[in-house]
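Here is a short briefing for a first look at this structure. Keep the sequence and the 3D view open as you read.

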There are 2 protein chains.
Amino acid sequence: MTNLTLKQFRYFEALARHGHFGRAAEASAISQPALSMQIKELEESLGTPLFERGARQVRLTAFGEGFAIRVREILRSVEELEDLARASRDRLTGRLRLGVIPTIAPYLLPALIGNLTRINADLDIHIRETVTPKLLTELHEGRLDTAIVALPVSEPALTEVALFSESFVLVRPDSDAGKPVPSPERLREMRLLLLEEGHCFRDQALSFCNLQSTLPRELLDGSSLSTLVQMVGAGIGVTLIPEMAVAVETRSADVAVSHFPEPQPQRTIGMIWRNSSPLAQQLTQIAGVVRQTAEVLSKRIAPV
Amino acid sequence: MTNLTLKQFRYFEALARHGHFGRAAEASAISQPALSMQIKELEESLGTPLFERGARQVRLTAFGEGFAIRVREILRSVEELEDLARASRDRLTGRLRLGVIPTIAPYLLPALIGNLTRINADLDIHIRETVTPKLLTELHEGRLDTAIVALPVSEPALTEVALFSESFVLVRPDSDAGKPVPSPERLREMRLLLLEEGHCFRDQALSFCNLQSTLPRELLDGSSLSTLVQMVGAGIGVTLIPEMAVAVETRSADVAVSHFPEPQPQRTIGMIWRNSSPLAQQLTQIAGVVRQTAEVLSKRIAPV
DNA sequence: CATCCCGATAAGCTGAAGTTATGACAAACC
DNA sequence: GGTTTGTCATAACTTCAGCTTATCGGGATG
């Protein structure tokens, strides 16, 4: 049935070009009978002759001419395919689907995207910003290539690499600026504003205070760190935010930022991907870029 | 090297579609290991993975997706090629380059082209009208597919098929209408107008009168039968024309047309093509159409 | 922990595609 | 006009790519 082969196409093209079996065979690095047989077979499976064998020259038939045009197109497409593969072999492929948790995304991404596209201009970055459980699902389903989340996730099918650690800092109303930094136990008694259910940062903050998320508490759930800080500025309570958010979130609010004494509360941020991902190598490379980006950011924040 | 094969493309496409080695193999009518190996080989020769083998499903990589789009395009092109071959296998191919001698062309072609395109609408007919020697050269050089000429041509590399015979008739000024038809010998003594050197019809007419073309004679060479008849109408001399030309050429001239007594002078018109032409079968078929066309024309002429 | 699913690997077989040698035929050349 | 030459087709043989069946191994599932 459909037993046309690219090999036949390549031989055909050579013969069409040279108009001579011997020379076409030489150009194709095979013997003349081998070429004759392949051409014959091609003609037979098409059911129509492609060449007219004259005494002293080989000519394309009218059909052969049209055939040649299309065959050349196909061969060209195949070559393009090879080029494409060669191009994307070493460099990153065109599309990178990156998931990021909301407590990282707004602070890390602007710089990160800049750095990534600087390294590889034709990298097409798709960002998905949502909470860790959703990221994990989408990662498993192949709708994401990788994600930046708080470690550990402890999923056997996923590879984790640590990127950096970040401390949590206390955000209080400006009026509390001079007061001593409360201990975790004291925090429990203050009005602590937290992110709504689902955010890992909520759990991390609660765990620092030795609180259970399920405990019936009178706390106000915000949907973003930005909201929380604004509420603190309004004197409604206090909150914790990751160090990386300080520069952005406290710029437009009357709040005081205080570090906790050692051991500071902190979390580890890492990158994860499927064990089976063929992008592993490139993702490791990307992890390096993320690490660098975060480092530069933290230095810029440190003086604050 | 460039060892991609259409087979690999077809397997790849099946796997991309099914996302499952076993089912894709079944769909491709091969065993699962055979498919695994071909895919593996394809990935290796591309140097980049196409699929991510997950625990419970096989997914295209980002590169694989782009690859799939192009592969499908290529496979579609190949299928089109097969369709094209199938379509042109039985019917005539798109282009027919037909040579015709000038003493036939204007009388036969209008009806012939109509008949040919009626049979095969998408037949692209190219006409070349010139004298036999030029037609032969172009035929040998592959610039014509076939030619309609007077037989015999006696070229070993060419196939001839007879189409029809046509008689020559005498054209005299209207004033000579009643006079007896002169014998060939008498013709020699009259002022005989002939086509210029190179036309076979000139030689055929001369041979009827037992004259040598090279003889120094006081005859006037016309470049077309139309010219000759007009000159006869002006009383300059007499001429011979093929029967087929009568209807067209004597319509607008004051001339008398007379048949010779048996044995009438006549010539055989036939079709020729290269022995090696792969169009032989179709050309034979076309010869049939020409034969029919000429028959209808001669019947229409007979009553004149 | 046992089982199942599914793809990879192993080992062997077959036929397609290549090789060299030769045939056939037409053109070109003494 | 026979001989040589150029050229493609055919024949006989060889090799390796591609297929088969059998089996392994690893991750998901109950």
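The side chain of Thr250(A) reaches the backbone oxygen of Val246(A) at 2.7 Å. The model is predicted.

**Around Thr250(A)**

- Thr250(A) sits in the loop between helix 10 (243–249) and strand 10 (255–259) of chain A.
- Its relative accessible area is 18%, so Thr250(A) is buried, the cut-off being under 20%.
- Leaving aside residues up to four places away in sequence, Thr250(A) touches Ile241(A), Val255(A) and Val257(A).

**Nonpolar cores**

- The largest nonpolar core has 69 residues.
- Leu108(B), Leu112(B), Ile148(B), Met271(B) and Ile272(B) have the most contacts inside this core.
- Strand 6 (residues 158–173) of chain B gives the most to this core, namely 8 residues.
- Which residues does Leu108(B) touch, not counting residues up to four places away in sequence? They are Ile148(B), Met244(B), Val290(B), Thr293(B), Ala294(B) and Leu297(B).

**Where chain A meets chain B**

- Chain A brings 41 residues to the contact, and chain B brings 41 residues.
- About 3500 Å² of area is buried between chain A and chain B. Carbon and sulfur atoms give 60% of that area.
- How many salt bridges are there between chain A and chain B? The count is 3.
- A salt bridge joins the side chains of Arg274(A) and Glu52(B), at 2.3 Å from N to O.
- The rule also finds 2 residue pairs in polar contact across the interface of chain A and chain B, both at pLDDT 80 or more.
- On the side of chain A that touches chain B, helix 1 (6–18), strand 1 (51–53) and helix 4 (62–90) of chain A each supply at least two residues.
- Helix 4 of chain A gives the largest share of that side, 16 residues.
- By type, the residues of that side of chain A are 16 nonpolar, 13 polar and 12 charged.

**Helix 8 of chain B**

- Helix 8 (residues 200–208) of chain B has 7 of its 9 residues buried, so the rest of the structure largely encloses it.
- The buried residues are Cys200(B), Phe201(B), Arg202(B), Gln204(B), Ala205(B), Leu206(B) and Phe208(B).

**Salt bridges**

- Over all chains, a search of the whole structure finds 22 salt bridges.
- Arg53(A) and Glu43(A) meet through their side chains in a salt bridge, 2.8 Å from N to O.
- Arg53(A) lies in strand 1 of chain A and Glu43(A) in helix 3 (residues 32–46) of chain A, so this pair ties together parts 10 residues apart in sequence.
- Arg53(A) counts as partly exposed at 34% relative accessibility, whereas Glu43(A) counts as buried at 11%.
- Arg97(B) and Asp145(B) form a salt bridge at 2.9 Å, N to O.
- That pair links distant parts of the chain, 48 residues apart. Arg97(B) is in strand 3 (residues 95–100) of chain B, and Asp145(B) is in the loop between helix 6 (132–140) and strand 5 (146–151) of chain B.
- Are Arg97(B) and Asp145(B) buried or exposed? Both are buried.
- Lys179(B) and Asp176(B) meet in a salt bridge at 3.4 Å, N to O. Asp176(B) counts as buried, at 13% relative accessibility.
- Glu13(A), Arg17(A) and Arg72(A) form one network, joined by salt bridges that share partners.

Conventions: Residues are numbered from 1 along each chain as its sequence is written. Chains are lettered from A and ligands numbered from 1 in the order in which they are written. This is a predicted model: local features need pLDDT of at least 70, side-chain atom pairs count only at pLDDT 80 or more; totals for chains, interfaces and linings use all residues. Side-chain values use heavy atoms; hydrogens and water are left out. A nonpolar core is a set of buried Ala, Val, Leu, Ile, Met, Phe, Trp, Tyr and Cys residues joined through side-chain atoms within 4.5 Å. Buried means under 20% relative accessible area, exposed over 50%, partly exposed in between (1.4 Å probe, protein chains only). Helices (H or I, at least four residues) and strands (E, at least two) are DSSP runs, numbered from the N terminus. Contact means heavy atoms within 4.5 Å. Buried area is the accessible area (1.4 Å probe) that two parts lose on being put together, summed over both. A salt bridge is a side-chain nitrogen of Lys or Arg within 4 Å of a carboxyl oxygen of Asp or Glu. A polar contact is a pair of N or O atoms within 3.5 Å; within protein, one must be able to donate a hydrogen and the other to accept it, and residues adjacent in sequence count only if both atoms are side-chain atoms. Ala, Val, Leu, Ile, Met, Phe, Trp, Tyr, Cys and Pro count as nonpolar, Asp, Glu, Lys and Arg as charged, and the others, Gly among them, as polar.
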